[in-house]
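Biologist: Please take a close look at the pockets of this model, and then at the helix packing beside them.

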Amino acid sequence: MKDLTVLFESLGFTEVRTYIQSGNVVFSSKNSDGLEESIHHKIKEVYGWEVPVLVITPAQLKACLDNCPWEEERQLKSYYGLLLSTPNPEQIKKLASYAFEGEFYKIIKNCVYLFYEVGAGKAKISTNFLERVLKVSCTSRNHRTMTKLLTLASEI
C-alpha cells in the first residue's frame, strides 16, 4: 500500500492515506475532473494492471451509509456494492428475477445494499455476480470498512 500512496502523490494528490490491502485510498485533490481516468491510466502505466477505478466524495460515502435500508442490527453486518455507474432499468429488472435464500439486496442509485443471513463467504450475490447481471463495474465493502473510510476522509 506504500507504493499506492507514492503513486497517488505522483498525481499531485495530498493527504493520501490507504486503508487495508484492498485498494482503499483517501486523498485530497484540488481538481475533481477526470480523477478516475487519471488514476486508472497511472495504475496501468506503473503496474500494467487494467483495473476499474471508482472515486467517491465523502458526501457520497456518507449518503450511501445514511441510505442503508436495513435496521441497525443488519446494517452492522451488511455490505455495500459500490457501482461505477447507475445500471439501466432493464438490468435492474433482470437482477430482480434472481432470489437466493437468506440473501437480500436493495439498489439505491449507485449502491447495492447487501445482507447475507448465511454470511458473505457462501453468498451467491457476489461482486462478480452483480457485475455480470447489472453490466456495471462494482466493488464491495463491508459496513466497518465504509465507516472507517468516512472517518479517514473526515480527518483530512
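**The largest pocket**

Modeller: The largest pocket has a volume of about 1,200 Å³. A pocket here is an open set of points on a 1 Å grid over the protein atoms alone, where a 1.4 Å probe fits, with protein on both sides within 12 Å along at least five of seven lines; lining residues have an atom within 4 Å of a point. The volume is the space filled by probe spheres set on the points, which are joined across faces, edges and corners. This is a predicted model, in which local features need pLDDT of at least 70 and side-chain atom pairs count only at pLDDT 80 or more, while totals for chains, interfaces and linings use all residues. Residues are numbered from 1 along each chain as its sequence is written, and side-chain values use heavy atoms, with hydrogens and water left out.

The lining of the largest pocket has 42 residues, of which G23, N24, V25, L54 and V55 are the closest to its centre. Two or more lining residues come from each of α1, β2 (24–28), α2, α3 (58–66), β3 (79–83), β6 (138–142) and α7 (143–154). These elements are DSSP runs numbered from the N terminus: helices are H or I with at least four residues, strands E with at least two. The most is given by α2, with 5 residues. By class, the lining divides into 27 nonpolar, 11 polar and 4 charged residues. Ala, Val, Leu, Ile, Met, Phe, Trp, Tyr, Cys and Pro count as nonpolar, Asp, Glu, Lys and Arg as charged, and the others, Gly among them, as polar.

The helices α1 (residues 2–10) and α2 (residues 35–47) also pack on each other: their axes come within 10 Å and cross at roughly 125°. Axes are lines fitted to C-alpha atoms, for helices over the stretch in contact, and angles run from 0 to 180 degrees between N-to-C directions. The angle therefore makes α1 oblique to α2, a term for angles that are not under 35 degrees (roughly parallel), over 145 (roughly antiparallel) or 65 to 115 (roughly perpendicular). D3, L4, L7, F8 and S10 of α1 meet I39, K42, I43, V46 and Y47 of α2 in this contact, where contact means heavy atoms within 4.5 Å. Of these residues, 7 are nonpolar, 1 is polar and 2 are charged.

The second largest pocket holds about 290 Å³ of space. Among its 17 lining residues, Q60, C64, K109, N110 and C111 are the closest to its centre. Here α3 supplies the largest share, 4 residues.
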